[in-house]
Amino acid sequence: MPAAISWHSSAVLALCCSAALASPLVEARNSPDVILTASELGLPFEASFSTAITPFNISVNESFIEMTTLKASLTRFVDDTPGQAEFTDGPPKRIVQDVASFWASEYSWRDVEADINAKFKQYTTIVTVPDKFGDTPIPLHFVHHPSPRQDAIPLLFIHGWPGSFLEVEPLIDSLTHPPNSSVPAFHVVAPSLPGYAFSPSPLKAGLGARVMGGAFNQLMQKLGYATYVTQGGDFGAIIGRVMAADLPDAVVGLHSYFWVMNAAQGDLERYIAGTVTEEEKAFIETNQRFNHRLWPTFGTLSSMRPRKLSVALADSPLGLAMWIYDLLAPVTYKSDEVWVPERIVTWTMMQWIPGVYATLAIAENLADEGFLSVAGFDIHTYVTQPVAISDFPLDIWHGLPLEWAQRRGNVKLRMTHDIGGHFPTLDVPELVLQDTWTFFGDEELFSRQ
Ligand SMILES: *[C@@H]1O[C@H](CO)[C@@H](O)[C@H](O)[C@H]1NC(C)=O
Ligand SMILES: *[C@@H]1O[C@H](CO)[C@@H](O)[C@H](O)[C@H]1NC(C)=O
Ligand SMILES: *[C@@H]1O[C@H](CO)[C@@H](O)[C@H](O)[C@H]1NC(C)=O
């Protein structure tokens, strides 16, 4: 019997002995030492969440895995339209068939699960953010790899959509155990956003970037990291920006590979008048293409009707896999090498296992907070702490002029690369690592103990 199960039973016992109320969740909320189990939360894996920090290994329910494989094997395919170029309006049938057949007959979740458990030190806990989310518990799954180096910098790695904590995998060993003392080492903490992978979905509506930031800060404090730096792309970069603004005493620096912003009204007027620079012109056009052509195909829908969408995506493994793959492929360098069927399926599992809704509704919550809209992203907070941005050519905000970037933060360093995309830890991890070392290794900005 895996250790996770024996721990799990003691938690069930603790809950059972005071369980007089009708709803365990309501009772847990009011109890000083909150204990929630994955089965109470309707999650198909073994886990217990309490205010303690508890070691965790992934152990997904066998009948859930069988049901998933069966559904993949029953996929109903959509025919291509003769004469239409592939990817014109969605993924081509041959790719859907390849992934479905791999998932149904070759994919071994158990091997993947064992690899992840062997690779990562994982934990669960519960935090609260009283000023922004009342006493509602926020159960979290996270990875924590401390560095043996005395002078290591605590680093909060925040993943994005449709990613997961697995984004940190290509970096984590080099961050904690760098090759020599001329580059900084890091104590790495990589939480799963609520509703992603093994962090349960929020227990009430409205958990956006501000609450997530508050929750991750509580996690860092609980781990003993009073001050720390953050790193991330996609939603992870947005949450990092919000955290930097909300928590100036805790966040001492930010490395972002998704420093999104829109053109200001004055920029657009100069664009129309033909007085922008070449760089500004190129960026405005890239940004407009994203806001008007790409964002509505997923972002607008996710932010306005996530529940409707998740009825379909939570019931079809291939539907979910293609919902994410169709967006990932064009923003990935050497996409065919990165997006092999096994990785497509594993990334899909990180949303499939917890249920899909919360992974989409995050966009609704960010929209309610004003960080995104029908016209893309607009992160209005200003970051005073030192910021570095890494710009990869296949990302959607590629080519943002430095002067513009500095309107929204104390951007000290911009590192522009010739290769790489929206998930650079996946397609160009060595560049992300180098940028991380370069920026946080600047001892004038980040003094080491
Ligand atoms: C797995 O899930 C099924 C269906 O919900 C349930 O009947 C079964 O007891 C679970 N198995 C374990 C080992 O928890
Ligand atoms: C998780 O699994 C790994 C082996 O894959 C093992 O070394 C570790 O002790 C396990 N941890 C827990 C908390 O069960
Ligand atoms: C230390 O490692 C970094 C990163 O690999 C490398 O660039 C640097 O040259 C190394 N420095 C020494 C003194 O070996």
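Mentor: The expected span of a helix is 1.5 Å times one less than its number of residues. Helices (H or I, at least four residues) and strands (E, at least two) are DSSP runs, numbered from the N terminus. The model is predicted: local features need pLDDT of at least 70, side-chain atom pairs count only at pLDDT 80 or more, and totals for chains, interfaces and linings use all residues. Residues are numbered from 1 along each chain as its sequence is written, while chains are lettered from A and ligands numbered from 1 in the order in which they are written.

Trainee: How far apart are the end C-alpha atoms of helix H15?

Mentor: H15 covers residues 341-352, which is twelve residues. At 1.5 Å a residue the helix should span 16 Å. The model agrees, so the end-to-end distance is 16 Å.

Trainee: Which helices do the buried residues of H15 pack against?

Mentor: A residue is buried if 20 or more other C-beta atoms, placed from the backbone, lie within 10 Å of its own, exposed if 12 or fewer, and partly exposed in between. The buried residues of H15 include Ile-344, Trp-347 and Trp-352. Contact means C-beta atoms, placed from the backbone, within 7 Å. The packing partners are H3, H4 (93-105), H5 (109-119), H13 (317-328) and H16 (357-368).

Trainee: Is Ser-63 buried or exposed?

Mentor: Ser-63 lies in H3, residues 62-73. Its C-alpha atom is 9.0 Å from that of Pro-44, 19 residues away along the chain. Because there are 9 other C-beta atoms within 10 Å, Ser-63 is exposed.

Trainee: What is the phi of Phe-87 near?

Mentor: Most residues other than glycine have a negative phi. Phe-87 sits in the loop between H3 and H4, and is exposed, with 12 other C-beta atoms within 10 Å. Its phi is positive, near 70 degrees.

Trainee: Is Asp-234 buried or exposed?

Mentor: Asp-234 is found in helix H9, residues 234-246. It also has a positive phi, near 50 degrees. With 21 C-beta neighbours inside 10 Å, Asp-234 counts as buried.

Trainee: Which peptide bond is cis, with omega near -5 degrees?

Mentor: Most peptide bonds are trans. Look in the loop between strand E6 (153-158) and helix H7 (169-176), where Pro-162 lies. The cis bond runs from Trp-161 to Pro-162.

Trainee: In what sense do E8 and E9 pair?

Mentor: Strands pair if DSSP finds at least two bridges between them. E9 (residues 251-256) has five of six residues buried, so it is largely enclosed by the rest of the structure. Gln-231 stands opposite His-255 in E9. Over five bridges, E8 (residues 228-232) and E9 are parallel.

Trainee: How many bridges join E4 to E5?

Mentor: E4 (residues 122-127) is mostly covered, with five of its six residues buried. It pairs with E3 (residues 54-56) in the antiparallel sense over three bridges, where Phe-56 has Gln-122 as its bridge partner. Toward E5 (residues 138-145), Thr-124 has His-141 as its partner. E4 and E5 run antiparallel, and the bridges joining them number six.

Trainee: Over residues 53-168, how far apart are the end C-alpha atoms?

Mentor: An unreviewed UniProt entry places "domain: Epoxide hydrolase N-terminal" there; such annotations, in the numbering used here and with shortened names, may be inferred rather than shown by experiment. This stretch is 34% helix and 20% strand. Its end C-alpha atoms are separated by 21 Å.

Methods. Two residues are in contact if their C-beta atoms, placed from the backbone, lie within 7 Å.
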